[in-house]
Amino acid sequence: MSDLLVELNTKPWFRQAIKSLGLPLPSPQKLRRPKTARQARPLADRTAVLCLQGDLGDTLAACLPAAGANPVLLGVSAVPAAWRDAGEAHGRPARVLDLAAEAPEDARADALILDATGLEDPAGIRILYDFFHGWVGRLARCGRVIVLGRPAAEAQRPAQAGARAALEGFTRSLAKEIGRLGATAHVVYVADGAEGRVDPLLRFLLSDRAAFLTGQPWHLVATATPPPRVEAERALAGQVALVTGAARGIGAATVKLLAAEGAHVICVDRPGDEGPMSVVAREVGGTPLAADITDPGATAAILGALAGRPLHILVHNAGITRDKTLARMKPEWWDQAVAVNLRAIADIDAGLLAAGAFADHARIIALSSVAGIAGNFGQTNYAASKAGLVGYVRAQAAALADRGITVNAVAPGFIETRLTAAMPPVNREVGRRLSALGQGGEPRDVAELISFLATPGASGLTGGTHRACGGMFIGA
Amino acid sequence: MATRKSSKSPRRAVVVAGARTPFVKAFSEFLKLDAIALGKATVAGLLAKTGLPRHELDGVVWGTVILPGYAPNVGREIALDLGLYDVEAFTVTRACASGLQAITTAAAAIERGDADVIIAGGSDSTSNAEIKLPQKLMHAIAPLALGKAGPAQYLQVLSQLMPITDILPKKPEIAERTTGEVMGQAAERMATRNEISRADQDAFAVQSHHRAAAAIASGRFEDEVLTVEGSGGKRVYADTLVRASTSLEAIARLRPVFAKDGTLTAANSSPLTDGGAAVMLMSEEKARALGFTPKAAFRSWAYTAVDPADQLLMGPALAMPKALDKAGLALADVDLVDMHEAFAAQVLSVLKMLGSDAFARARLGRDTAVGEVDPAKLNVHGGSVALGHPFGATGARMVLTMANELALTGKSTALLGICAAGGLGAAAVLERV
């Protein structure tokens, strides 16, 4: 399931040949992916160029040098005290450059970060041009662009809301422009009171773990009670996780990442897939559980596997397609898709909640789909169920926020799995290339997002649907 | 780990004597002496100097970094070579903190009552580092060496030996196994990250040379340094690396060695060195019974570790505060500070960390800085940049010089700090007895 074009583009001779022949071939950049479990310094030796135009300066100062980044500051006249202290503590002294001046000849940025939380009105968004226009050309391959803003909904005046909302269109567009570099762009909207939750999300988005995420708004909110402690490494030590559809693909990759962060994982899959599922479970020292999630006894089986231990992480990954145009669709196809993709999730959550099975600060993550959200030919049943999850997680998140439990959906785009390998070659090729990064993702890319959402540090994200799609052409 | 509190522990290990070989440049006078031979010269010299009755010696604990593959238990080989057949001996390895590790291990054994008299120290011969054949080559040719091989086997083996770069013997390098980073590159990065200038490094290096030269000229080291017969019967009686005449102007001309625009040069880094050093430790009772005058004892020691991918040689910035805490002392309380100078940049980086409130808050969990080290107290007789750095010997050289310094000057405490590969840090507080 490897992408030949991505592999060929890692060879200088191939790039050269395409260039000299003038072939209109896309040249997707091989993405840099992490080799280890979460580390204390995911940004070691990366250069982060920051333009400070808001009130998150101290938050960024506490985050970036500690995470290993070498900061370059624009928009300040001298190194602020918080940056000086952080530089001294972590051996990452900040440099100050003039925003108006051109970037130095040899300057390279692994990350460009704009703190635009101070935006007042539409005139203010000129800073997007002023900062990025000169620096975007200095962005390294697999680099990152992050724009931090305040939510439009919290704006005091319509004009301010307009300026804030503008950040989203800008980053989505820039994501498409820098995608061929393997670089990604995000806007992070930080709600009032959620400043303390910026650090883990930034570490994640700036790291190689977020390789396949791009063009996305992230809404950090303070609604869910934050956990008492947030660890940078082995964040899930001592926790119990449960992943459905664990036998292969995204599920298996999720199991491995959760286990690598220290969680004990209960691996659930249909009795028919018990073989590969138990291989995965054995590999990570987890517990295999053969169960059909649409079975009325599924909740009881899960409670049995938990054996009284509180559940910290529940990943509803199991999903099926039963594609047919609506006119030709048999009733059982409709029922099966909805039963697995939506009903079982609501039923299991309700059963586990009624049984008091969740720990405080638990994480519930359901797998939606970009195609589902956008709507797709022949997928009325699938799209209905996957779009249903968007509404489900929003409502469930609100209901469980007081206990610190977050509920999120993850929407994968084109991922290199058994499903996509079976597609007709032309469709597959189109699916791969029609994204900002010009390639499909690996199951692990989605699993990285899931496992981030599963960490205590992700308490600022709840009720949302987050895409892992490489900036797909379709989708919201 | 053992913090000696006199109220709790009735036994106290004391340093009564010590000796070291001259420290000489690698591939020179001591070319033919491996770590075992250097250790033998050291221990023999120490025994001769003290006149310790052989039957009183209980054990030898030895620190070596470049272990000879043919006999890795260097300590025992030294004992055997000296005819000390019934003296138990072992070898410890903790990179550049190996010498100190040997001594604190010995002190712990004495204080626990396992022994009364131990010689502990270390030696290393960079000149005798072994060139290893790559494991891939070894595995590939195993069938030829162990079985009956036909032409097919030979062909098969040949096919495994590509590319050729995988099977060429590798030059031994002081590189981190996990990160592949060479020690000097790590120090170069520390210089950049802690904003240590070339001028400051050079000034520190010149001071190290001048102080070491002054100590040699004044005869301060005469009691510590043995005369050792090197290759071709040449007798070496003093350190050969110290340059009394060096100056800022002279070393400012040197080119950086670890990075093109770097600041580390041959002059502000410690050189590759051959040598050995050891001290004799006894229980205080035994020392008095045998008529030795105790010079110093350990008030505390501490070992720490950081991620090698962070700042590889910052260990002492964590270990020194820890040892001070265990000793119940503040930095201002100690009379002498002796730091291993792997690189001037590394010492200056650590000093900067110790003096930083922000570092103390972020990395030590304390509100204020550990403190500024008074330059007049620091490395009073120079350090590894000038004297040289036989890896396993350096810790023992520092204990030896500081124990003598306390005894000679009547000062009461000395703080030692050593950085080591693997992100390790080591520190100890010595007190006069």
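Two residues are in contact if their C-beta atoms, placed from the backbone, lie within 7 Å of each other. On that criterion, the contact between the chains takes 11 residues from chain A and 14 residues from chain B. The side of chain A that touches chain B has 5 nonpolar, 2 polar and 4 charged residues, where Ala, Val, Leu, Ile, Met, Phe, Trp, Tyr, Cys and Pro count as nonpolar, Asp, Glu, Lys and Arg as charged, and the others, Gly among them, as polar.

This is a predicted model, in which local features need pLDDT of at least 70 and side-chain atom pairs count only at pLDDT 80 or more, while totals for chains, interfaces and linings use all residues. Residues are numbered from 1 along each chain as its sequence is written, and chains are lettered from A and ligands numbered from 1 in the order in which they are written.

**Confidence**

The predictor gives the complex an ipTM of 0.82 and a pTM of 0.89. For chain B the mean pLDDT, the predictor's confidence in each residue on a scale from 0 to 100, is 92, and 94% of the residues of chain B reach 70 or more. Over residues 1–7 of chain B, however, pLDDT stays under 50, and the model has 12 contacts beyond four places in sequence for this stretch. Where pLDDT is low, the predicted coordinates should not be read in detail.

**The sheet of chain A**

Helices (H or I, at least four residues) and strands (E, at least two) are DSSP runs, numbered from the N terminus, and two strands pair if DSSP finds at least two bridges between them. In chain A, 7 strands form an open sheet with parallel pairing, in the order β3-β2-β1-β4-β5-β6-β7. Its edge strands are β3 (95–97) and β7 (216–220) of chain A, each of which pairs on one side only. Neighbouring strands of this sheet are turned by 20° against each other on average, direction ignored.

Within the sheet, strand β1 (residues 47–52) of chain A runs parallel to strand β2 (residues 70–74) of chain A and is joined to it by 5 bridges; A:Thr47 stands opposite A:Asn70 in β2(A). Helix α6 (residues 158–178) of chain A lies across β5 (139–149), β6 (184–190) and β7 of chain A, at about 165° to β6(A). Helix α7 (residues 198–206) of chain A packs on the sheet and touches β4 (109–115), β5, β6 and β7 of chain A, its direction making about 155° with that of β5(A).

**Another parallel pair**

Strand β9 (residues 264–269) and strand β10 (residues 287–290) of chain A pair in the parallel sense over 4 bridges, and A:Cys267 stands opposite A:Pro288 in β10(A).

**Local backbone and exposure**

A residue is buried if 20 or more other C-beta atoms lie within 10 Å of its own, exposed if 12 or fewer, and partly exposed in between. Helix α2 (residues 12–21) of chain A has 10 residues, of which the number buried is 0, so this helix lies largely in the open. Just after α2(A), A:Gly22 takes a positive phi of about 65°. Positive phi values also occur in residues other than glycine, as tabulated here.

| Residue | Phi | C-beta neighbours inside 10 Å |
|---|---|---|
| A:Arg234 | near 45° | 13, partly exposed |
| B:Phe27 | near 60° | 13, partly exposed |

A:Arg234 is found in the loop between β7 and β8 (240–244) of chain A, whereas B:Phe27 lies in the loop between β2 (24–25) and α1 (35–50) of chain B.

Definitions and conventions
Axes are lines fitted to C-alpha atoms, for helices over the stretch in contact, and angles run from 0 to 180 degrees between N-to-C directions.
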